[in-house]
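Please read them with the coordinates open.

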Amino acid sequence: MTFKVRVIYSALLFLLLSAFSGCADDMITEMTKAARKGDIKTVESYLKKGAYINGVDKWGFTALTGSSHYGHLRVVELLLSYGADINL
């Protein structure tokens, strides 16, 4: 494989991975935002869509840490029932 082909291959792989990770990051960020606001319906919707429950958003929150920090007990209970890790 020539150098030029390797560079093109690497660039395409990077773009592909960036596209998928961006979608996942957006879902995590939106779910943690909803958790911090206490929006249990939105949080559950994201969980049903397969959002990573222990994902950390761009501010360093998980859905569990955000919801517990702002005192949203029902959201905390929901996240724990879905298996959120209390040690993160």
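**Notes on the predicted model**

1. Asn54 sits in the loop between H2 and H3; helices here are DSSP runs of H or I of at least four residues, strands are runs of E of at least two, and both are numbered from the N terminus. Asn54 is buried, because its relative accessibility is 15% and buried means under 20% relative accessible area, with exposed over 50% and partly exposed in between (1.4 Å probe, protein chains only). A polar atom of the Asn54 side chain lies 2.8 Å from the backbone nitrogen of Asp85. Setting aside neighbours within four places in sequence, Asn54 is in contact with Thr62, Gly83, Ala84, Asp85 and Leu88, where contact means heavy atoms within 4.5 Å.

2. On the basis of these notes: this is a predicted model, in which local features need pLDDT of at least 70 and side-chain atom pairs count only at pLDDT 80 or more, while totals for chains, interfaces and linings use all residues. Residues are numbered from 1 along each chain as its sequence is written, and side-chain values use heavy atoms, with hydrogens and water left out.

3. The mean pLDDT (the predictor's confidence in each residue, from 0 to 100) is 82 for the chain, and 75% of the residues reach 70 or more. Where pLDDT is low, predicted coordinates should not be read in detail.

4. On the overall fold: the chain has 4 helices and 0 strands, in the order α-α-α-α from the N terminus. Of its 88 residues, 30% count as buried. Among contacts with a separation of 6 or more, 57% are between residues 24 or more positions apart.

5. The largest nonpolar core has 16 residues, and those with the most contacts inside it are Met31, Val43, Leu47, Val75 and Leu79. A nonpolar core is a set of buried Ala, Val, Leu, Ile, Met, Phe, Trp, Tyr and Cys residues joined through side-chain atoms within 4.5 Å. At least two residues of this core come from each of helix H1 (3–37), helix H2 (40–48), helix H3 (63–69) and helix H4 (73–81). Leu47 touches Met31, Ile53, Leu78, Leu79 and Tyr82, not counting residues up to four places away in sequence.

6. Which side chains does Asp57 meet in polar contacts? Asp57 is in the loop between H2 and H3 and is buried, with a relative accessible area of 5%. Its side chain makes a polar contact with the side chain of Thr32 at 2.6 Å and another with the side chain of Arg36 at 2.9 Å. A polar contact is a pair of N or O atoms within 3.5 Å; within protein, one must be able to donate a hydrogen and the other to accept it, and residues adjacent in sequence count only if both atoms are side-chain atoms. Beyond four places in sequence, Asp57 touches Ile28, Thr29, Thr32 and Arg36.

7. Two further residues of the loop between H2 and H3 are Val56 and Phe61. Val56 and Ile28 are 28 residues apart in sequence, with their C-alpha atoms 6.9 Å apart. Leaving aside neighbours within four places, Val56 is in contact with Ile28, Phe61 and Thr62. Phe61 is partly exposed, at 21% relative accessible area; beyond four places in sequence, Phe61 touches Thr32, Arg36, Gly55, Val56, Gly66 and His69.

8. Glu44 is in helix H2 and is partly exposed, with a relative accessible area of 27%. Glu44 and Val75 are 31 residues apart in sequence and 8.7 Å apart from C-alpha to C-alpha.

9. On the rings: Lys49 lies over the face of Tyr46, at 5.4 Å from the ring centre. The criterion is NZ of Lys or CZ of Arg within 6 Å of the ring centre and within 35 degrees of the ring normal.
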